[in-house]
Amino acid sequence: MSESATPSFPKHLLDFRDWNRRQVESLLETAQMMQEVLARPVKKVPALTGFTVATVFFEPSTRTRISFELAARRMSADVVSFSGATSSTTKGETYRDTLRTLDQMGIDAYILRTDAAGVPHQAHRWLHKPVINAGDGWRAHPTQALLDAFTLREKLGSLEGKKIAIVGDILHSRVARSNAELLPMLGATVVACGPATLLPGSLPGATLTTSLREALYEADAVMVLRLQKERMEKGLLPSLPEYIAAYQVNRERLGWAKPQAPLLHPGPMNRDVELEGTLADSAQSLVERQVANGQAVRMAVLYHVLVGKS
Amino acid sequence: MIFKSKLLNEDEVRRALTRIAHEVIEKNKGVDRLCFVGIHTRGISLAKRLVDLVEKFEGKRVPMGILDITLYRDDLSEIGLQPKVRETRIPFDLGGKAVVLVDDVLYTGRTARAALDALIDQGRPSRIYLAVLVDRGHRELPIRADFVGKNLPTSKSEVVKVKTLEDDGEDAVELWEVEAS
């Protein structure tokens with residue numbers, strides 16, 4: 001068989017620290033090929049036959065888990081699901097013991113979500129197996145950033161020199177952190193915006209601002225984050241109407257960005273809170289496209305992390 | 001790798017492809033329901049030539065697709081290097097078609113096996129033929145080609161390189177020897 005090998009890839013996706021631009025771009029190209037698989041009548045290829053993948057979610061999630069599980073199944077991997085909320089962790093077992101128990105059952109790769117930051121890194125050290133971070137605390141959610149980058153590139157072409165605004169609760173957002181890490185690698189400028197109480201002290205890769213106008217001005221794309229209601233209870237926001245008055249992305253404010261600037265949201269969405277409800281269904285919205293692309297991107301991640309020795 | 005000899009030159013490649021095109025038309029009794037699918041990378045260039053030749057002889061352009069077999073390889077769980085996944089594009093319905101799969105070299109038969117699976121996942125052709133420019137022997141699977149440009153007995157330490165104008169700047173078939181390490 002004629003060889004046309006990709007650059008070698010890290011056998012894990014914890015964040016983007018171990019990845020370079022060439023590897024990320026190659027992965028996004030593979031995701032493009034996976035789109036073609038998903039467009040077929042038979043949406044399944046035998047590539048990962050014989051591999052067993054575990055989704056281990058210590059924090060509840062439906063869409064990310066389904067997206068990963070479908071991605072693995074469409075590549076013919078066997079999938080087992082472990083849900084921390086309903087399993088032994090509620091009986092006091094530690095992350096480490098839970099993962100080691102699973103490891104005795106012959107798992108080839110782990111897709112891990114935890115409420116605590118850093119657990120996927122630890123797991124990678126404990127298990128010596130590929131680990132894919134599906135979200136750890138406020139720290140990182142690399143496959144979300146990859147699918148955002150993929151969706152943006154599909155719409156805008158190259159991200160070189162493009163300005164991407166991220167609006168909302170930046171402080172508690174792993175999506176913002178991963179995008180601030182990834183998008184500049186692909187040549188984009190990231191401006192993160194929110195009220196001062198919801199901005200971190202610093203965000204490597206991004207410029208921070210409390211001015212929505214400044215963030216959206218001439219932006220090539222706008223990413224809106226979910227505002228969690230419990231932020232009000234913790235006193236970080238005075239009231240919902242005040243947030244909406246200052247930071248909701250609505251039709252008028254979207255006019256500050258470039259004409260037809262695409263709109264992204266990682267979901268789940270609070271309609272008419274962080275985003276004017278009808279905008280989510282407008283032609284500018286890529287929200288549904290993001291979900292569809294998520295599966296192709298995760299198929300590509302599984303392929304690169306599992307196939308080939310490092 | 002050490003160059004050993006040129007097995008086919010430009011004219012010989014052209015004649016071999018011309019003969020294959022005639023044989024395909026004859027076996028299929030015309031170009032009705034006929035289509036070509038080229039396997040990455042050189043198979044695509046060769047399939048394009050065959051489509052052109054068929055059009056020249058029969059006055060009708062038949063559809064063509066391209067196929068990447070990477071996700072269908074049987075060695076993905078054990079290989080060292082990660083193969084690049086390339087484009088598959090079959091812009092027509094395969095149902096009821098007579099498909100000519102085109103590859104440059106037939107060797108172990110594993111690429112052809114993977115290509116058959118990949119093709120059948122895309123539709124249900126009425127039949128599938130296999131056309132190759134070179135059959136070099138050493139099959140590991142019960143697979144044979146319907147149309148062969150040239151049968152070339154080789155040893156396993158040799159490498160057969162097919163070059164095409166589109167991919168390599170010239171049409172040729174060359175024999176190389178792997179250096180003993």
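A:Thr114 is found in strand β3 of chain A, where helices (H or I, at least four residues) and strands (E, at least two) are DSSP runs, numbered from the N terminus. This is a predicted model, in which local features need pLDDT of at least 70, side-chain atom pairs count only at pLDDT 80 or more, and totals for chains, interfaces and linings use all residues. Residues are numbered from 1 along each chain as its sequence is written, chains are lettered from A and ligands numbered from 1 in the order in which they are written, and side-chain values use heavy atoms, with hydrogens and water left out.

Is A:Thr114 buried or exposed? A:Thr114 counts as buried because its relative accessibility is 0%; buried means under 20% relative accessible area, exposed over 50%, and partly exposed in between, with a 1.4 Å probe and protein chains only. Not counting residues up to four places away in sequence, A:Thr114 touches several residues, including A:Phe58, A:Tyr95, A:Pro120 and A:Arg174. Contact here means heavy atoms within 4.5 Å.

Let us turn to that last partner. A:Arg174 lies in helix α6 of chain A, residues 174-185. With a relative accessible area of 13%, A:Arg174 is buried. Leaving aside neighbours within four places in sequence, its contacts include A:Glu59, A:Arg113, A:Thr114, A:Asp136 and A:His141. In an unreviewed entry, UniProt lists A:Arg174 under "binding site", together with A:Lys91 and A:Arg226. UniProt positions are given in the numbering used here, feature names are shortened, and annotations may be inferred rather than shown by experiment.

Next, the sheet. In what order do the four strands of the open sheet in chain A stand? The order is β2-β1-β3-β4, and the pairing is parallel. Two strands pair if DSSP finds at least two bridges between them. The edge strands of chain A are β2 (78-83) and β4 (131-136), each pairing on one side only. From one strand to the next, the twist averages 15°; axes are lines fitted to C-alpha atoms, for helices over the stretch in contact, and angles run from 0 to 180 degrees between N-to-C directions.

Two helices of chain A meet this sheet. Helix α4 (residues 119-127) packs on the sheet and touches β3 (109-114) and β4, its direction making about 160° with that of β4(A). Helix α11 (residues 287-306) lies across β1, β3 and β4, at about 140° to β4(A).

Strand β1 of chain A, residues 52-57, pairs with β2(A) in the parallel sense over six bridges. Within this pair, A:Thr52 stands opposite A:Asp78. In a regular strand the side chains alternate between the two faces of the sheet. On one side of β1(A) are A:Thr52, A:Ala54 and A:Val56, on the other A:Val53, A:Thr55 and A:Phe57, and all are buried.

I now come to some backbone details. The peptide bond from A:Gly267 to A:Pro268 is cis, with omega near -10°, and A:Pro268 is found in the loop between β9 (263-264) and α11 of chain A. In chain B, the bond from B:His40 to B:Thr41 is cis, with omega near -10°. B:Thr41 has its place in the loop between β2 (34-39) and α2 (42-58) of chain B.

Positive phi values deserve a mention as well. A:His128 is not a glycine, yet its phi is positive, at about 55°. This residue sits in the loop between α4 and β4 of chain A and is exposed, with a relative accessible area of 68%. B:Lys29, not a glycine, has a positive phi of about 55°. B:Lys29 is found in the loop between α1 (10-27) and β2 of chain B, and counts as exposed because its relative accessibility is 75%.

Finally, a cavity. How many cavities of 30 Å³ or more does a search of the whole structure find? The search finds one. On a 1 Å grid over the protein atoms alone, a cavity is a set of points where a 1.4 Å probe fits but cannot get out, and lining residues have an atom within 4 Å of a point. The largest cavity has a volume of about 60 Å³; grid points are joined across faces, edges and corners, and a volume is the space filled by probe spheres set on the points. Its lining includes A:Met33, A:Glu36 and A:Arg40, along with B:Asp68, B:Tyr72 and B:Arg86.

Notes. On a 1 Å grid over the protein atoms alone, a cavity is a set of points where a 1.4 Å probe fits but cannot get out, and a pocket is an open set with protein on both sides within 12 Å along at least five of seven lines; lining residues have an atom within 4 Å of a point.
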